[in-house]
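Open the model in your viewer and keep the selection panel at hand. We will go stop by stop.

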Amino acid sequence: MAFFSESSQLATEFADAFAVMTLRAGFNTALVVIGTTCLGVAAGVIGTFSLLRKRALMADALAHSALPGLALAFILGSLLGIGGKQLWLLLAGAAISGVLGVLIVQGISRTTRIQEDCAIAAVLSVFFGAGVVLLSIIQGMGTGEEGGLHHFIYGQTAAMTRGDALLTLMAAVATIMVCTLTFKEFRLICFDRGFAAATGWPISTIDFAMMAMVILITVVGLQSVGILLIVALLVIPPAGARFWTNRVSTMIPLAGCIGGVSGYLGSVASALLPGIPVGAVIVLVAGGVFFFSMIASPTRGLLGSTARHLWMRIRIAEDHLLRGIYERSEQMASSAEPHPGVYLDSLALTRHWNWLGRLLFLSWCRARGWIEIRRDKMKPEEAPDREEAPFGTILLLTPRGWEQAGRRVRNHRLWEEYLTTFTDVALSHVDYSADLVEHSLSPTIIAQLEASLATRKGAAWLLRKHRSIHPLDGTPETRASQPENHPDNIPPPSR
Amino acid sequence: MKLFSRTTPVSSLAGRPEHSPTSPLSVHAMTVAYHQRPVIWDVEYEAPAQALIAIVGPNGAGKSTFMKACLGIIPRATGLVEFWGKRFEEQRHRVGYVPQRESVDWDFPVSAIDVVCMGRYGMIGWFRRVSREHRSRAMECLEMVGLSDFAHRQINQLSGGQQQRVFLARALAQEASLYFMDEPFAGVDAATERSIVEILKQLKADGKTVIVVHHDLSTVADYFDNVVLLNTRIIAHGPVSSTFTNDNLRRTYGGRLTILEEVGESMASQR
Amino acid sequence: MDSTIYQFIALDLPPLLAALFSAIACAILGSYLVLRRQSLLGDAISHSVLPGIVVAFLVTGSRSTIPIFIGAAVAGICSAFLIEVVRKFGNVDESAAMGVIFSTFFALGILTMEQAAARNVDLDPDCLLHGQLETIFWYPPNDWATFFSWSTLGSVPAEVYASAIAAFLVIGFVVVLWKELLISSFDPALCHALGFRSDLIHHTLMVLLACAVVASFKTVGSILVIALLVCPAATARLCTDRLGVHLILSVVFACVACSTGYITAAFGPQWLGYEQSVNVAGMIAVMSGVLLGGAACFAPRYGIVARRRTGRR
C-alpha cells in the first residue's frame with residue numbers, strides 16, 4: 001500500500017513538474033516561466049556586447065549599487081502612504097542609484113589614479129553597505145512589509161505577480177528587439193570605437209543605448225535573480241558561448257540560448273520547490289553550461305587544446321629525435337655499415353629530459369616502429385681506445401624509421417627554405433603541426449622550393465634520399481661534403 | 001659496430017655546431033609556439049663572449065619572445081638553452097634581465113633606490129632583508145647611470161629616460177656576466193641614449209656580454225659589434241660588419257621596408 | 001566597576017576589537033591587491049568562500065572555527081585557481097573570468113545554505129552576508145581585581161581571537177616576505193628571472209586572503225569585507241607614494257572607518273532620538289566609502305582639488 005501511495009505521489013509530482021515545464025500550470029506560473037526565460041535570453045544577448053566591450057563587471061557594480069535606491073524608494077513609498085512595495089517606484093529607485101554607482105565608478109577611474117577594477121570593488125561594497133544600513137532602518141520602522149525587499153537580494157520568482165512577470169517579459173523583449181535592430185552599430189563600437197567615431201557614428205549615443213539596455217535588464221532582473229547574482233546572467237552565457245564560435249553573429253544567439261535555458265530551468269525549479277532560490281539555480285545551470293563548454297569545445301576547449309598542445313610537443317620531439325638520428329647516422333655511415341646506431345647521450349637535446357619523459361618518449365617511438373633500442377654491452381675497460389665513451393643506450397632507425405625520418409628532414413628543410421624565400425608572407429602559413437609541407441602549401445610552391453633547395457650545394461643528397469631511402473645512397477664525397485655544406489643557411493657562429 | 005666517440009663534437013642535429021661550454025648563451029633547436037603557430041622556430045644560436053649583441057627584426061618577429069623563452073619566463077615547446085654550458089637554474093645569478101619599460105606599473109609606490117635594490121634580491125635570497133652593503137652597492141649603480149640625486153624620488157616622478165636608466169641601474173646591481181635588455185632605447189631622449197650606450201660599452205670592456213633587442217636600424221652599426229637578424233627564425237648572425245648587410249636585411253624584413261635601402265647605402269658609405 | 005564602563009567592556013569592546021583586527025588584516029592584504037591591480041580578486045574570493053563555509057558547516061555540524069576556516073580556505077584557493085584556469089585556457093578576459101567563477105561559487109553557496117536552512121540548521125544567510133557584530137558580547141568579571149587574570153582572557157569571544165590571529169598572520173607575512181611581495185607585485189618577469197616563485201607568492205596571498213575573509217565574515221560579513229579590503233587601500237593610494245606609508249595609512253584608515261562606523265551605528269540613532277540601532281557592518285562600509293570620497297577630493301597631491309589647482313593630470 002505504502003508503495004502505491006508513494007508511487008502515485010511521485011506520479012503527481014511528475015505530472016506537476018511536466019505541467020509547469022509545458023506552461024500548463026496556470027496562467028501566472030506560465031507567465032513567470034516565460035518572463036524569466038526571456039530575461040535569460042535578453043541578458044545573454046546584451047551581456048555579449050558588454051563582455052566584448054570589456055565591461056563585464058560593470059553590471060556587478062550596477063546591481064550592488066541598486067540596493068540603497070531600492071531601500072530609499074521603499075521608505076519614500078511608506079512615508080507617502082502608497083505602500084513600500086510599489087514595483088515601479090522600487091525599480092526606479094534601483095535604476096537611479098545603480099546609475100549613480102556606475103557614474104561614480106567612471107568618475108573615480110577617470111579623474112584619479114585609482115584603477116577601474118578597484119573603483120568597481122569600492123563602489124559596489126560601499127553602496128551595498130549603505131543599502132544594508134537602510135534595510136536595518138526599514139526593519140526598525142516595522143511596516144511589516146520589509147520581507148519583500150529581501151527577495152531583491154537573493155531573487156525570488158514565486159512571489160512575482162502577473163504584473164511583475166509581464167514587466168520582465170516586456171523589458172526582455174524590448175532589449176532583444178533593440179539589440180537585433182542595432183546589431184551592426186553595437187558590434188562596431190565593441191570592436192573598434194576609434195574607427196566608429198572616425199566614420200561619423202555617434203559613439204556616445206550608441207554606448208549610452210547599450211548601457212541603458214544593461215541597466216534595464218539588471219534592474220528588471222533584480223526581482224527574479226537578485227542583486228548578488230544578476231551579474232552572472234550577463235557574464236556567464238556570453239563567456240560560455242565564446243568557446244564555440246569566433247563570430248559575434250553566432251555568439252549572440254548562442255549566449256541567448258544559454259541564458260534562456262538557464263532562466264527556464266531556474267524558474268521551473270522555483271515554481272516546483274518554492275523554497276529554492278531561483279537566482280542560484282539559474283546561475284548554476286549557466287555555470288554548468290560554461291564549464292561544459294570550457295572543457296568540451298573542440299576548438300577552444302580545455303581538452304581539445306591540451307591534447308593539441310601535447311600532440312605538438314610530441315611531434316616536435318619526434319622531429320628532433322628522428323632528424324637527429326638520421327643526420328648523425330648520415331655522418332657516421334660507411335659502406336661497411338650503412339645504418340650505424342647513435343648513442344642516446346650524444347643527442348644534445350635529450351640531455352635535459354628527465355628519465356620518465358625519456359622512457360615514455362622512447363617507448364612511444366619504438367611502439368610506432370621507428371627505432372630500435374639497444375644497450376651497449378661493452379664495458380669501458382673492454383674498449384680502451386674510446387676515451388670517455390658514452391656507454392649506454394644506442395638508438396637505431398628501423399626501415400620505417402628511415403623513411404619517416406627522411407620525410408621529416410625534407411619537410412623541415414622545405415619549411416626553412418620557404419621561410420627564407422617568402423619572408424614577408426611566410427608567418428601566417430607556417431603550421432608546425434601539419435604532417436607534411438604539402439598540407440599547407442600549394443604544389444607549385446613546393447616544386448619551387450625543392451628546386452631552390454636543390455641548387456644549394458650538398459642539398460641534392462637530401463632530395464635524392466627522401467625519395468629512395470633504400471638502399472642508402474652512400475657515395476662518400478656527398479657524405480664528406482655534407483656537414484660543411486649543410487643546406488641549413490645558418491652560418492657557423494663566430495668565436 | 002662503429003660508433004662515434006663523444007670526444008668529437010656532437011649535436012643532435014648534424015651539421016649544426018656543437019656549442020662550446022664557454023659561450024654565455026647557447027640556444028639549440030628552440031621552438032616557441034602559441035596555438036600551434038611557431039613564434040620562434042627552431043632557433044640555433046651561440047652568443048660570443050664579451051660582445052654587444054643587437055637582436056634586430058620586424059615587429060612580431062619574436063625578439064622579446066626569444067629573450068623570455070631563453071630565461072624560461074615563457075615556456076618553450078622544445079629546445080635546449082644553456083648558459084656557460086649549464087641550465088639557467090644553475091646560472092641564474094650570472095644572468096641579468098631588463099624588461100621592457102612598459103611591462104611594469106610606473107605608478108607603483110616605490111622609490112628609485114628601491115627598484116635598484118631589487119637587482120640584489122637574487123643574491124640576498126628568500127626571507128632575508130636588504131642589508132646596508134647591498135643598499136650602498138645599489139646606490140653606486142644609480143650613480144653610474146647618473147641618477148644618484150634622484151635615489152629617493154618616486155618612480156612616477158621620473159621621466160621616461162630616467163626610468164629606463166633606473167632599470168639599467170637595477171641590471172647593473174645584479175652584477176651579472178650576461179645581460180638581456182628588451183628595448184632599452186625605446187622612448188628615451190638622445191642624451192639618455194648616449195649615456196646608455198656608454199654604459200653598455202663599459203660593460204663590454206668589463207668582459208660582459210649584453211644582448212639587446214633593438215629597433216633602430218640606423219644605429220646598430222654604431223652601438224653594437226654583433227648582430228642577430230631574427231624573423232621567427234634566425235636569418236643571420238655574426239659580426240655587424242659581415243652580417244648586417246643589405247641582403248640579409250632584406251631577407252629579414254622581406255622587402256617591407258624601403259628604408260632598408262637607404263640604411264644599406266649609408267652603411268656602405270661608412271665603410 | 002562603573003556600570004557604563006562595564007557595559008562598554010561587555011557589549012562594545014569585543015565587537016569593536018573584532019572589527020579592528022579584521023580591518024587590519026583586510027587593509028594590509030587589500031593594499032597589495034590594489035597595487036597588484038587585483039582588487040576584484042578580493043571581491044571574487046570573498047564571494048567564493050561561501051560554499052566552503054556552508055559545506056564545512058554541514059559536514060561537521062558545528063560552528064567551530066577550525067573546520068570553517070579550512071572549508072573557506074579550500075574554496076578560496078579553488079576559486080583563485082579556477083579563475084587562473086578560465087583566464088589562461090579559456091582565453092576569457094580576467095574580469096569576466098572572475099565574474100563567472102565567483103558567481104557560480106556564490107550561487108552554490110546560497111543553494112546549499114538554503115538547503116541547510118530547510119533542514120532547520122542554524123545558519124543565517126544574512127549573518128554571513130551582512131555580518132552580525134552585534135551578536136558578539138562578553139561577560140568579563142565585574143571588578144578590576146579579577147579582571148586582570150588569565151581566566152579573563154579565556155572568556156574573550158572566539159571571534160576576537162580569530163580576527164586577531166588573522167591580523168597577526170597577515171602582519172607576519174608582510175614583514176617576512178616584504179621584498180618578495182614587492183618584487184612580485186612590481187615586476188613579475190624579473191621576479192621569475194631572479195628565481196623567486198611569483199606563483200607561490202600569489203597563492204600564499206590568496207590563502208591569507210581567504211583566511212582574512214573568513215575571520216571577518218562574522219564581523220563585517222562576506223560582502224562588506226570587500227569594502228575593508230579595497231576602500232582603505234584605495235584611500236591610501238591617493239595619499240602617499242611610499243609602500244610602507246601606504247600600508248600604515250591603509251591600516252589607519254580601516255581602523256578609523258571601523259571605529260567611526262561602529263560608533264555611528266551603535267550610538268548615532270540614539271543621539272538622533274531613535275530607539276533602534278542600525279547595521280554596524282553596513283555603517284563601517286559607508287564610513288570607509290566616505291573616507292575614500294574625501295581623499296578622492298581633497299588628497300594633497302592626487303585629489304581632484306589639488307589636481308585642479310596645480311593643473312596636473
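**Stop one: the largest pocket**

By class, the residues lining the largest pocket are 18 nonpolar, 17 polar and 14 charged. (Ala, Val, Leu, Ile, Met, Phe, Trp, Tyr, Cys and Pro count as nonpolar, Asp, Glu, Lys and Arg as charged, and the others, Gly among them, as polar.) This is a predicted model: local features need pLDDT of at least 70, side-chain atom pairs count only at pLDDT 80 or more, and totals for chains, interfaces and linings use all residues. Residues are numbered from 1 along each chain as its sequence is written, chains are lettered from A and ligands numbered from 1 in the order in which they are written, and side-chain values use heavy atoms, with hydrogens and water left out.

Select B:I73, B:I74, C:E84, C:R87 and C:K88. Of the 49 lining residues, these lie nearest the pocket's centre. (On a 1 Å grid over the protein atoms alone, a pocket is an open set of points where a 1.4 Å probe fits, with protein on both sides within 12 Å along at least five of seven lines; lining residues have an atom within 4 Å of a point.) Elements giving two or more residues to the lining include helix 14 (302–332) of chain A, strand 1 (25–34) of chain B and helix 3 (65–89) of chain C. (Helices are DSSP runs of H or I, at least four residues, and strands are runs of E, at least two, numbered from the N terminus.) The space inside is about 2200 Å³, the volume filled by probe spheres set on the grid points, which are joined across faces, edges and corners.

**Stop two: where chain C meets chain A**

Now show both chains. The contact (heavy atoms within 4.5 Å) takes 60 residues from chain C and 52 from chain A. Which helix of chain C gives the largest share of the side that touches chain A? Color helix 4 of chain C: it supplies 15 residues.

Next, pick A:R113 and C:D241. Their side chains meet in a salt bridge at 3.0 Å, N to O. (The rule asks for a side-chain nitrogen of Lys or Arg within 4 Å of a carboxyl oxygen of Asp or Glu.) The rule finds one salt bridge across this interface.

**Stop three: inside chain A**

The whole structure has 25 salt bridges over all chains. Select A:R53 and A:D207, another such pair, with the closest N and O atoms 2.8 Å apart. A:R53 sits in the loop between helix 2 (27–52) and helix 3 (58–80) of chain A, and A:D207 in helix 10 (residues 203–224) of chain A, so the pair ties together parts 154 residues apart in sequence.
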